[in-house]
Amino acid sequence: MERKEESESTLFLGGQHAIKLASEIILDHFGESIQKTCLALMTKGSMSVDEIIHETKYEYKDVRSHLLVLLQQDLVSAHIEPNESEKPNSDSSKSKKSRPKPTKY
(Lines give C-alpha, C1' and ligand atoms only; values in the text may rest on other atoms or scores of the structure.)
Protein backbone atom coordinates (compact mmCIF):
# COMPACT_ATOMS: atom_id res chain seq x y z
CA MET A 1 0.00 0.00 0.00
CA GLU A 2 2.96 2.29 0.62
CA ARG A 3 3.95 2.33 -3.06
CA LYS A 4 0.49 3.49 -4.14
CA GLU A 5 0.73 6.49 -1.81
CA GLU A 6 4.18 7.29 -3.22
CA SER A 7 2.97 7.19 -6.81
CA GLU A 8 -0.08 9.31 -6.02
CA SER A 9 2.07 12.03 -4.46
CA THR A 10 4.46 11.90 -7.42
CA LEU A 11 1.53 12.20 -9.79
CA PHE A 12 0.24 15.16 -7.78
CA LEU A 13 3.61 16.91 -7.95
CA GLY A 14 3.75 16.25 -11.68
CA GLY A 15 0.31 17.81 -11.97
CA GLN A 16 1.45 20.86 -10.05
CA HIS A 17 4.50 21.23 -12.29
CA ALA A 18 2.33 20.90 -15.39
CA ILE A 19 -0.02 23.61 -14.10
CA LYS A 20 2.92 25.91 -13.32
CA LEU A 21 4.42 25.38 -16.78
CA ALA A 22 1.08 25.91 -18.53
CA SER A 23 0.49 29.01 -16.42
CA GLU A 24 3.86 30.47 -17.43
CA ILE A 25 3.14 29.80 -21.11
CA ILE A 26 -0.26 31.49 -20.82
CA LEU A 27 1.42 34.46 -19.10
CA ASP A 28 4.01 34.80 -21.87
CA HIS A 29 1.45 34.62 -24.67
CA PHE A 30 -1.64 36.32 -23.25
CA GLY A 31 -0.70 38.36 -20.18
CA GLU A 32 -1.34 38.34 -16.46
CA SER A 33 -5.12 38.76 -16.40
CA ILE A 34 -5.81 35.87 -18.79
CA GLN A 35 -3.25 33.80 -16.89
CA LYS A 36 -5.18 34.36 -13.65
CA THR A 37 -8.45 33.32 -15.29
CA CYS A 38 -6.86 30.24 -16.85
CA LEU A 39 -5.07 29.32 -13.62
CA ALA A 40 -8.39 29.39 -11.76
CA LEU A 41 -9.79 26.90 -14.28
CA MET A 42 -6.70 24.70 -14.16
CA THR A 43 -6.68 24.48 -10.37
CA LYS A 44 -10.42 24.41 -9.62
CA GLY A 45 -11.71 22.57 -12.68
CA SER A 46 -14.89 23.29 -14.58
CA MET A 47 -16.62 26.47 -13.38
CA SER A 48 -19.43 28.76 -14.43
CA VAL A 49 -18.73 32.37 -15.39
CA ASP A 50 -20.06 33.49 -11.99
CA GLU A 51 -17.69 31.10 -10.22
CA ILE A 52 -14.75 32.38 -12.28
CA ILE A 53 -15.71 35.98 -11.44
CA HIS A 54 -15.84 35.06 -7.75
CA GLU A 55 -12.49 33.24 -7.89
CA THR A 56 -10.57 35.86 -9.89
CA LYS A 57 -12.33 39.02 -8.63
CA TYR A 58 -12.52 40.30 -12.23
CA GLU A 59 -15.60 41.95 -13.69
CA TYR A 60 -17.97 40.06 -15.98
CA LYS A 61 -16.79 41.86 -19.13
CA ASP A 62 -13.15 40.99 -18.37
CA VAL A 63 -13.85 37.32 -17.66
CA ARG A 64 -15.97 37.14 -20.81
CA SER A 65 -13.11 38.63 -22.83
CA HIS A 66 -10.57 36.23 -21.28
CA LEU A 67 -12.77 33.23 -21.99
CA LEU A 68 -13.29 34.37 -25.57
CA VAL A 69 -9.52 34.47 -26.14
CA LEU A 70 -9.07 31.06 -24.49
CA LEU A 71 -11.93 29.59 -26.53
CA GLN A 72 -10.57 31.02 -29.79
CA GLN A 73 -7.17 29.48 -29.06
CA ASP A 74 -8.84 26.15 -28.20
CA LEU A 75 -7.38 26.25 -24.69
CA VAL A 76 -10.75 25.83 -22.96
CA SER A 77 -14.06 24.37 -23.99
CA ALA A 78 -17.56 25.23 -22.87
CA HIS A 79 -20.54 23.07 -22.10
CA ILE A 80 -24.06 23.88 -20.96
CA GLU A 81 -25.35 22.37 -17.74
CA PRO A 82 -29.04 21.35 -17.83
CA ASN A 83 -31.44 23.16 -15.51
CA GLU A 84 -33.09 21.22 -12.72
CA SER A 85 -36.40 21.52 -14.57
CA GLU A 86 -34.92 19.95 -17.70
CA LYS A 87 -33.57 16.85 -16.00
CA PRO A 88 -35.47 13.57 -16.57
CA ASN A 89 -38.54 12.83 -14.42
CA SER A 90 -39.41 16.49 -14.02
CA ASP A 91 -43.11 17.19 -14.61
CA SER A 92 -42.82 20.95 -14.15
CA SER A 93 -40.43 21.52 -17.07
CA LYS A 94 -43.23 22.30 -19.52
CA SER A 95 -45.26 24.56 -17.27
CA LYS A 96 -42.53 26.77 -15.80
CA LYS A 97 -40.38 29.20 -17.71
CA SER A 98 -36.77 28.24 -17.00
CA ARG A 99 -33.80 30.53 -16.50
CA PRO A 100 -30.93 30.50 -18.97
CA LYS A 101 -28.66 27.50 -18.65
CA PRO A 102 -25.32 28.16 -16.96
CA THR A 103 -22.30 27.52 -19.12
CA LYS A 104 -19.30 25.76 -17.62
CA TYR A 105 -15.74 26.25 -18.83
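These legends walk through several close-up views of one predicted model.

Residues are numbered from 1 along each chain as its sequence is written. Because the model is predicted, local features need pLDDT of at least 70 and side-chain atom pairs count only at pLDDT 80 or more, while totals for chains, interfaces and linings use all residues; side-chain values use heavy atoms, with hydrogens and water left out.

View 1. Starting at the N terminus, the elements run α-α-α-α-β-β. Helices (H or I, at least four residues) and strands (E, at least two) are DSSP runs, numbered from the N terminus. Of the 105 residues in the chain, 22% are buried. Here buried means under 20% relative accessible area, exposed means over 50%, and partly exposed is in between (1.4 Å probe, protein chains only). As for contacts (heavy atoms within 4.5 Å), take those between residues at least 6 apart in sequence: 43% of them join residues at least 24 apart.

**View 2. Helix α2 seen by itself.** Buried along α2 are Ile34, Gln35, Thr37, Cys38, Ala40 and Leu41. Just past the helix, Gly45 takes a positive phi of about 90°.

**View 3. The largest nonpolar core has 13 residues.** A nonpolar core is a set of buried Ala, Val, Leu, Ile, Met, Phe, Trp, Tyr and Cys residues joined through side-chain atoms within 4.5 Å. Leu41, Ile52, Leu67 and Tyr105 have the most contacts inside this core. At least two core residues come from each of α2 (32-44), α3 (49-56) and α4 (60-72), and α2 gives the most, with four. Leaving aside residues up to four places away in sequence, Leu41 touches Met47, Ile52, Leu67, Val76 and Tyr105.

**View 4. Where α2 meets α4.** The axes of these two helices come within 10 Å and cross at roughly 75°. That makes α2 roughly perpendicular to α4. Axes are lines fitted to C-alpha atoms, for helices over the stretch in contact, and angles run from 0 to 180 degrees between N-to-C directions; under 35 degrees counts as roughly parallel, over 145 as roughly antiparallel, 65 to 115 as roughly perpendicular and the rest as oblique. On the α2 side, Ser33, Ile34, Thr37, Cys38 and Leu41 make the contact, and on the α4 side His66, Leu67, Val69 and Leu70 do. Thr37 is buried, with a relative accessible area of 0%. Not counting residues up to four places away in sequence, Thr37 touches Ile52, Thr56, Tyr58, His66 and Leu67.

**View 5. Ile26 sits in helix α1 (residues 2-30).** Ile26 counts as buried, at 8% relative accessibility. Ile26 and Cys38 are twelve residues apart along the chain, with 7.8 Å between their C-alpha atoms. Skipping residues up to four places away in sequence, Ile26 touches Gly31, Ile34, Gln35, Cys38 and Leu75.

**View 6. The structure's one salt bridge.** Lys104 pairs with Glu51 here, and their closest N and O atoms are 3.4 Å apart. Lys104 lies in strand β2 (residues 103-104) and Glu51 in helix α3, so the pair ties together parts 53 residues apart in sequence. A salt bridge is a side-chain nitrogen of Lys or Arg within 4 Å of a carboxyl oxygen of Asp or Glu. Glu51 counts as partly exposed, at 35% relative accessibility.
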